[in-house]
Amino acid sequence: MAESPAEFGALLRERRLKRGYSLRKFAELIEVSPTYLSLIETGKATSRPTADRVRRMAEVLGEDPDAWIAMAGRIADDVKKIILEQPEQIPELLRTVSGLSAEQVRELIDQVKRKRQEDEPS
Amino acid sequence: MSFGIPQRHRVQFMPEPHIEREADALLAEFAAAGHELTVPIPIDEIIELHLRLQLEIDDLRGRFGSDDVLGAIWLEDGRIAVDRSLDHHRHTGRFNFTLAHEVGHWRLHRHQILASPDGPTLFEVEGQPGIVCRDGAKAPEEWQANTFAGYLLMPREHVRAAWQEWRGDDEPVPDAALDVDDVAANQDWAVRAARERFVRPFADQFNVSAMAMRIRLEKLNLLVCEVEPRLF
């Protein structure tokens, strides 16, 4: 679920410090300016960080990239591509599963994975 | 918006050796807490990881409507901000010095202000910082914070050890050994400029400006007008 920019920024700062990275060091690692990182952390940035940038943040911090991309209010580029490749079926699928619990979605994913494995030519 | 500290909060006189001891004490605390004390002095880590102060880079000049604002500190919130104009590779030295300067306010002046009858609450209202620091400010608390910053970023023992490694000995360098323009040799500014050209590579080791390093080396008598003859 997307957090507000201020909430996302506060979480980012908390995790960065927990990992022992200073503002300038972390900015260098994720290849942004310290000023932009500071603006993200204080919720003052005029633009949200890109999905790729959030992925890099999550990787450096050892967090789940997909969860962080969602919290930053972004959609991962590969997900966008999947939707654009099947513009009718994928949105329909998403609407269908919307509202299910995390466990129910996990069950569906596992079922699809098993089905794919069965269908693969041996 | 007023700058510096409001008049009623003016700080007490503090001898320079006392300021140096305060800076050394902070570095010792940082090392004792298990952090690695290296050169350049890791001022960001001291602020964020040791003192647990919040660090921000923001458009302070725009916010306070003055082109000479460098930094600010919120004493109640434990928050330091640096103007975004310093976030440039050409200004790393000034950036670090500004951070160390704000730490100087935190270490030297916070308790004095908190102990005053007004406390900081009367002027840290509506999100305004307790102290706003400008380039070239001359108030006593600004001089003290600058002095603290010099000692924090260029500790005596570290500078002497690095000087010995850089020069091969611990001898001072006299002006006669520098490239001072002959025509302007008697001018103070020409001597200062020559000294700063000379120490720039040394200053880079500490990530401070050539000016800050020149001042530190002058205090340590490593940059001198002329070398005093030795008795033995």
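Chain A of this predicted model carries 21 positive and 22 negative side chains, and the centres of the two sets lie 7 Å apart. In this count Lys and Arg are positive and Asp and Glu negative, with His and the chain ends not counted; each charge is placed at NZ of Lys, CZ of Arg, CG of Asp or CD of Glu. Because the model is predicted, local features need pLDDT of at least 70 and side-chain atom pairs count only at pLDDT 80 or more, whereas totals for chains, interfaces and linings use all residues. Residues are numbered from 1 along each chain as its sequence is written, chains are lettered from A and ligands numbered from 1 in the order in which they are written, and side-chain values use heavy atoms, with hydrogens and water left out.

Read from the N terminus, the order is α-α-α-α-α-α-α-α. The radius of gyration of chain A is 18 Å, well over the 14 Å that the globule rule gives for 122 residues, so the chain is more spread out than a compact globule. That radius is taken over C-alpha atoms, and the rule is 2.2 Å times the number of residues to the power 0.38. Along the principal axes, the C-alpha trace of chain A spans about 50 × 30 × 25 Å.

Of the 122 residues in chain A, 30% are buried; buried means under 20% relative accessible area, exposed over 50%, and partly exposed in between (1.4 Å probe, protein chains only). Chain A exposes about 8,100 Å², with 51% of this area supplied by carbon and sulfur atoms. Accessible areas come from the Shrake-Rupley method with a 1.4 Å probe, and for residues only the protein chains shown count as cover. Among contacts (heavy atoms within 4.5 Å) in chain A between residues at least 6 apart in sequence, 52% join residues at least 24 apart.

Glu14(A) sits in helix 1, residues 5-18, and is partly exposed, with a relative accessible area of 40%. The C-alpha atoms of Glu14(A) and Glu41(A) are separated by 9.4 Å, although the two residues are 27 apart along the chain. Pro91(A) belongs to helix 7, residues 89-97, and counts as buried at 18% relative accessibility. Leaving out residues up to four places away in sequence, Pro91(A) touches Ile83(A) and Gln86(A).

Turning to chain B, the secondary structure comes to eight helices and six strands, arranged from the N terminus as α-α-β-α-β-β-α-β-α-α-β-α-α-β. Of the 232 residues of chain B, 49% count as buried. The accessible surface of chain B is about 11,700 Å², of which 48% belongs to carbon and sulfur atoms. Among the contacts in chain B with a separation of 6 or more, 71% are between residues 24 or more positions apart.

Helix 5 of chain B (residues 140-153) has 14 residues and reaches 20 Å from its first C-alpha to its last, close to the 20 Å expected at 1.5 Å a residue; the expected span is 1.5 Å times one less than the number of residues. Among the buried residues are Phe148(B), Tyr151(B), Leu152(B) and Leu153(B). Their cover includes helix 1 (16-32), helix 4 (92-115) and strand 4 (131-134) of chain B. Glu20(B), in helix 1 of chain B, is buried with a relative accessible area of 10%. Beyond its neighbours within four places in sequence, Glu20(B) is in contact with Tyr151(B), Arg156(B) and Arg216(B).

The backbone of chain B also has some features worth a look. Most residues other than glycine have a negative phi, and most peptide bonds are trans. A cis peptide bond joins Val39(B) and Pro40(B), with omega about 0°, and Pro40(B) lies in the loop between helix 1 and helix 2 of chain B. Phi of Arg52(B) is near 60°, a positive value in a residue other than glycine. Arg52(B) occupies the loop between helix 2 and strand 1 (54-58) of chain B and is exposed, with a relative accessible area of 58%. Phi of Asn221(B) is likewise near 60° and positive; Asn221(B) is in the loop between helix 8 and strand 6 (223-224) of chain B and is exposed at 51% relative accessible area.

How values were computed. Helices (H or I, at least four residues) and strands (E, at least two) are DSSP runs, numbered from the N terminus.
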